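Hello,

Here is the structure I promised to pass on. Please take a look, then read my notes below.

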Amino acid sequence: MQKILDAILAGELGEVGHLPVPEFYRGVVLHADETTMFDGLASRDKDPRRSLHLDEVATPEPAAGEVLVAVMASGINHNTVWSSIFEPIPTFGFLSRYGRTSPQAARHDLPYHVLGSDLSGVVLRCGAGVAGWSPGDEVVAHCLSVELDRPDGHSDTMLDPEQRIWGFETNFGGLAELALVKANQLMPKPRHLTWEEAAASGLVNSTAYRQLVSANGARVKQGDTVLIWGASGGLGSYATQLALNGGAIPVCVVSSPQKAEACRRMGAELVIDRSADGYRFWKDEQTQDPREWRRFGARIRELTGGDDPDIVFEHPGRETFGASVYVARRGGTIVTCASTSGYQHAYDNRYLWMNLKRIIGTHFANYREAWEANRLIAKGKIHPTLSEAVPLERAAQAVYDVHHNLHQGKVGVLCLAPEGGLGVRDSTVRARHVSAINRFRTKPVSA
């Protein structure tokens, strides 16, 4: 592994395809025999630091259409949080079902699960039939793993019945020194970014693009008022940028003054600190409080000069969904994914049906949407929202921090990269955007 890393750091990328691939590599894994370790605990009390392990695992051989990548950096997403606390179900069920679909997929059904749905790195090996990529290519990966053996996915690959999220519903993910991906998951690494910055955007930027911009989502247009929950977080920070970049007016909802300031650094002017205003949308576990919906809606109108949101960018789920349906304008759209506060949504359907509102469900992005989202990053129109990067050895703590919302933007993980700040190939472009690239940085690379 060290020889591969030395070649990458020396810029001798043409050599990596000739170097031997190690038989084992380190990855952040779950163990199948520990899936009951949190039984009886509330979600908040489940500690990813107990369930996540940094193990040596066997290196998979790339099959037809697959690529083995040396992972320089990765990132923490909420799907790794869910995996680590075995909610809503242990991910080994996903691996087992995938393994039954083909002999090639059977390799994923293992008693350990290598997690992670982001990466930046260098192609090491290509399986049979891979034409678009070669050893030595610097890449990022999106997390859509799809078979496309049936007609359903050929209009929109997210509708394929065998669509999965790599590193969550498949094995050999990106929180590791090596990763196995399908060739059609790869995209060019933005040349002006470091490894950890380039790895930060794959999942969340693509998800936000489909949810907010794409014809498969809300189709934001100039002048739209967009309410964005968690606007300084991993997903919301990209939605905020996409709204501003498209001429929309974001109303950013955050949970602290520090997160409000992060939104203002992105250029947002309308910010609601929900902790300061004390909104409590639920009276108790079973009962929502419509008075709080109305108070929240009045605050939005106060900020916008009387406008209700054309689009509500939803991802907290249970805690906020009733308020989201209420505050959307007549004929407006609530576009939803993730449900990080709970999957069982409750809302008053009168405000949906009688006011002609729409709810659109979205999930990650198809290859075209992911490519367009990455192109915006490469052109400096949208910027990574990396707040810190930690070594692979500290990935479990980083997952814990995201689980408890102790972070801003994205938390990166250095996998093979020995330190932060490496991998920049275009310093001229970087110099034009460096302040925007660093506006979420709260900590140096952690030791």
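Predicted model: local features only at pLDDT ≥ 70, side-chain atom pairs only at ≥ 80, totals over all residues.

Residues are numbered from 1 along each chain as its sequence is written, and side-chain values use heavy atoms, with hydrogens and water left out.

**Helix pair.** Helices here are DSSP runs of H or I, at least four residues, numbered from the N terminus. The axes of H7 (residues 202-213) and H8 (residues 236-245) come within 9 Å and cross at roughly 50°. Axes are lines fitted to C-alpha atoms over the stretch in contact, and angles run from 0 to 180 degrees between N-to-C directions. Contact means heavy atoms within 4.5 Å. On the H7 side, the contact is made by Val204, Asn205, Ala208, Tyr209, Leu212 and Val213. H8 brings Tyr238, Ala239, Leu242 and Ala243.

**Salt bridges.** The count comes to 24. The rule is a side-chain nitrogen of Lys or Arg within 4 Å of a carboxyl oxygen of Asp or Glu. One of them pairs arginine 210 with glutamate 369, with the closest N and O atoms 2.9 Å apart. Arginine 210 sits in H7 and glutamate 369 in H14 (residues 367-378), 159 residues apart. Arginine 210 is buried, at 7% relative accessible area. Glutamate 369 is buried too, at 5%. Buried means under 20%, exposed over 50%, partly exposed in between (1.4 Å probe, protein chains only). Glutamate 302 and arginine 299 form another salt bridge, at 3.2 Å, N to O. Glutamate 302 is exposed, at 59%, and arginine 299 is partly exposed, at 22%.

Best wishes

Definitions and conventions
Helix = DSSP H or I, 4+ residues; strand = E, 2+ residues; numbered from the N terminus.
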